[in-house]
Amino acid sequence: MTTSEKVVLDVDGLRMRYGTTDVLHGVTFQARHGEVLALLGPNGAGKTTTIEILEGFRMRSAGRAEVLGTDPAHGDERWRARLGVVLQSWRDHGKWRVRELLAQLGSYYACYSTDLIKRPWDTDELIAAVGLTEHADKKIRMLSGGQRRRLDVAIGIVGRPELLFLDEPTTGFDPAARHEFHELVHKLAREHETTILLTTHDLAEAEKLADRILILNSGRIVADGTADELAQRIAGVDEVRWTRGGQSFTESTTESTAFVFGLFNRYGETIADLEVHRSSLEDTYLSLVHRALVHQAEEAAR
Amino acid sequence: MNPTTTALRAGWSRGLIELRQSFTNGAELWSHFFWPVLMLVVTFFLRDVTFGQSGISLGTLALPSILGMNASMAMVTMSQQLTADREDGTLLRAKATPNGMLGYLTGKIVSVSGGLVADLAILLIPGVFLVSGLAFGPGSWLTLIWVLALGMVATLPVGAVLGSVFTSARSQGLLTLPILGVIAISGIFYPITSLPGWLQGVGQVFPIYWLGLGTRSALLPGSAAGVEIGESWRHLETVGVLSAWAVAGLLLAPIVLRRMARRESGSTVAGRRERALQRVG
């Protein structure tokens with residue numbers, strides 16, 4: 001990874017309130033140049049709201065946000081040219097052809113080309129990069145769901161953004177399309193040093209794509225770290241199973257190594273079929289979300 | 001190249017692409033030809049009916065009036081397209097692109113006015129052969145050009161305002177009835193002077209009447225002015241009323257458009273889509 005120390009995204013105490021409902025309660029995080037960040041959480045956690053505020057499409061109620069050094073609420077067109085946006089659902093420009101639309105949308109970026117970043121991306125190269133070469137002359141409404149989504153990504157990156165927002169990028173993908181898409185994201189991060197913030201409710205995807213995972217739940221960041229860090233930091237409960245004298249036993253413990261040591265000290269070789277199940281990131285995630293749901297239900301009951 | 005020039009250029013090519021699309025797909029091609037053909041049939045059947053003592057056939061009066069009416073209908077096209085583009089996310093796409101809104105609007109103006117010019121030609125060229133009593137001179141073209149140009153400036157910004165106010169294609173349908181009402185009192189198919197005075201007054205508020213009057217003044221002999229209010233083509237008043245609409249529209253449109261665009265986000269588009277699907281299901 002080519003992560004540097006430069007902070008590209010800086011969010012501090014972000015709040016969003018609709019009427020009397022708080023959707024975000026003080027969301028705080030940072031992203032550094034070249035980092036791939038996953039905003040993970042169940043539906044309704046506030047992922048899309050967060051990303052829309054950072055894209056400059058929605059006004060926040062309170063808190064501080066800096067995107068590429070600019071407050072997204074006051075971003076100008078020069079700032080806009082450095083961002084790429086892929087939203088959840090697009091069905092625009094159905095009558096246009098793939099190459100035609102990419103060339104049209106790319107042309108707006110030409111005047112924002114710099115010595116370091118040549119804008120826009122060459123249309124045919126871009127089409128090849130997202131694997132749409134065979135469909136370049138097709139009308140957009142004739143594309144399949146997965147092809148359409150790849151076109152959306154192509155439009156998102158046509159201006160060679162320094163920061164790319166991907167909102168639920170692989171919803172509705174089959175496994176093969178998902179795999180291809182993951183390759184594309186890796187390539188963007190590796191070869192083009194694009195900083196990427198993506199939202200997903202799929203843990204496996206977050207684990208595969210992101211350098212760092214933020215778990216958002218009910219408008220709060222409840223965990224922030226690499227996949228390994230998250231699994232370790234949040235004390236998961238391991239499950240130890242064994243048999244002794246033909247009888248099977250199960251024990252849940254946070255200190256599985258010490259427990260097994262004690263077990264052997266006590267019973268020695270009569271212990272058989274020993275299994276230790278470490279809590280996975282998935283367990284951690286589910287227990288976090290579950291805890292928050294219970295908390296929410298209690299609040300509502302009051 | 002500076003960003004504004006870039007966006008204007010991109011908008012121009014965007015408009016041409018959309019114009020080409022509207023003449024290469026069945027449904028839109030049909031709508032380009034259906035109304036002009038219907039109107040020509042109407043004028044053809046009105047050719048032997050004369051208006052009062054004037055001796056001018058209603059068909060002769062109606063053809064130029066219909067041209068003017070069609071020009072003012074560009075307002076409706078603009079409004080409908082804006083609403084549709086808002087529903088499917090085209091507008092949000094423009095918002096996510098640097099200077100994309102400027103390019104989008106330029107494109108819309110190019111495609112709507114280009115489509116209108118084509119529609120007028122589809123009506124006028126056969127009309128000249130089917131309808132007698134039209135008077136063509138070098139002045140006709142000049143008058144036609146300034147009336148249509150001013151008419152576009154008067155109606156397109158108002159169309160953009162309407163398109164920003166109506167949030168769904170369904171609510172756009174509410175516009176149809178009042179517009180038909182205004183057409184009925186604008187002297188398009190029958191001279192306005194045959195209406196009661198107060199209705200004449202109402203009709204003269206809207207640009208449809210003035211566009212019809214302007215196109216009649218371009219294509220009819222001077223004597224035909226006899227059936228008009230004040231027995232005159234009233235060019236000065238035409239310029240006055242159409243300019244007033246143009247100024248009001250140009251002042252209001254940027255404010256309303258900006259406000260509408262500011263509210264667009266992924267979730268508003270998704271929400272509208274969901275509501276639309278619920279209605280279908």
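Because the model is predicted, local features need pLDDT of at least 70 and side-chain atom pairs count only at pLDDT 80 or more, whereas totals for chains, interfaces and linings use all residues.

**Stop 1: where the chains touch**

Show chains A and B together; the contact takes 26 residues from chain A and 26 residues from chain B, two residues being in contact if their C-beta atoms, placed from the backbone, lie within 7 Å. On the side of chain A that touches chain B, the elements giving two or more residues are α1 (47-55), α2 (77-80) and α3 (98-107) of chain A, where helices (H or I, at least four residues) and strands (E, at least two) are DSSP runs numbered from the N terminus. The largest share of that side, four residues, comes from α3(A). By class, the side of chain A that touches chain B has eleven nonpolar, six polar and nine charged residues; here Ala, Val, Leu, Ile, Met, Phe, Trp, Tyr, Cys and Pro count as nonpolar, Asp, Glu, Lys and Arg as charged, and the others, Gly among them, as polar.

**Stop 2: helix α3 of chain A**

Now select α3(A), in which nine of the ten residues are buried, so that this helix is largely enclosed by the rest of the structure. A residue is buried if 20 or more other C-beta atoms lie within 10 Å of its own, exposed if 12 or fewer, and partly exposed in between, with C-beta atoms placed from the backbone. Among the buried residues are Val98(A), Glu100(A) and Gln104(A), and what covers the buried residues of α3(A) includes α4 (123-129) and α5 (145-157) of chain A together with α1 of chain B.

**Stop 3: backbone points to check**

Most residues other than glycine have a negative phi, and most peptide bonds are trans. Go to the loop between α3 and α4 of chain A, where Pro120(A) lies; the peptide bond from Arg119(A) to Pro120(A) is cis, with omega near -10°. Next select Arg160(A), in the loop between α5 and β6 (163-167) of chain A, which has a positive phi of about 45° although it is not a glycine. Arg160(A) is buried, with 24 other C-beta atoms within 10 Å. Then move to Glu193(A), in the loop between α6 (175-192) and β7 (195-200) of chain A, which also is not a glycine and has a positive phi of about 50°; Glu193(A) is partly exposed, with 16 other C-beta atoms within 10 Å.

**Stop 4: strand β6 of chain A**

Select β6(A), where five of the five residues are buried, so the strand is largely enclosed by the rest of the structure. Both faces are covered, with Leu163(A), Phe165(A) and Asp167(A) buried on one side and Leu164(A) and Leu166(A) buried on the other. Four bridges join β5 (residues 83-86) of chain A to β6(A) in parallel, and five bridges pair β6(A) with β7(A), again in the parallel sense; two strands pair if DSSP finds at least two bridges between them. Centre on Leu164(A), which stands opposite Gly84(A) and also opposite Ile196(A) in β7(A).

**Stop 5: a sheet of three strands**

Further along chain A, an open sheet of three strands has the order β11-β10-β12, with antiparallel pairing. Its edge strands, each pairing on one side only, are β11 (247-253) and β12 (271-277) of chain A. Five bridges join β10 (residues 238-244) of chain A to β12(A), and the bridge partner of Glu239(A) in β12(A) is His277(A).

**Stop 6: two helices of chain B**

Finally, select helix α1 (residues 3-22) and helix α5 (residues 100-130) of chain B, whose axes come within 7 Å and cross at roughly 40°. Axes are lines fitted to C-alpha atoms, for helices over the stretch in contact, and angles run from 0 to 180 degrees between N-to-C directions. The helices α1(B) and α5(B) are therefore oblique to each other, since angles under 35 degrees count as roughly parallel, over 145 as roughly antiparallel, 65 to 115 as roughly perpendicular and the rest as oblique. The residues of the contact of α1(B) with α5(B) divide into eleven nonpolar, ten polar and two charged. End at Met101(B), in helix α5 of chain B, which counts as partly exposed with 18 C-beta neighbours inside 10 Å.

Key. Residues are numbered from 1 along each chain as its sequence is written. Chains are lettered from A and ligands numbered from 1 in the order in which they are written.
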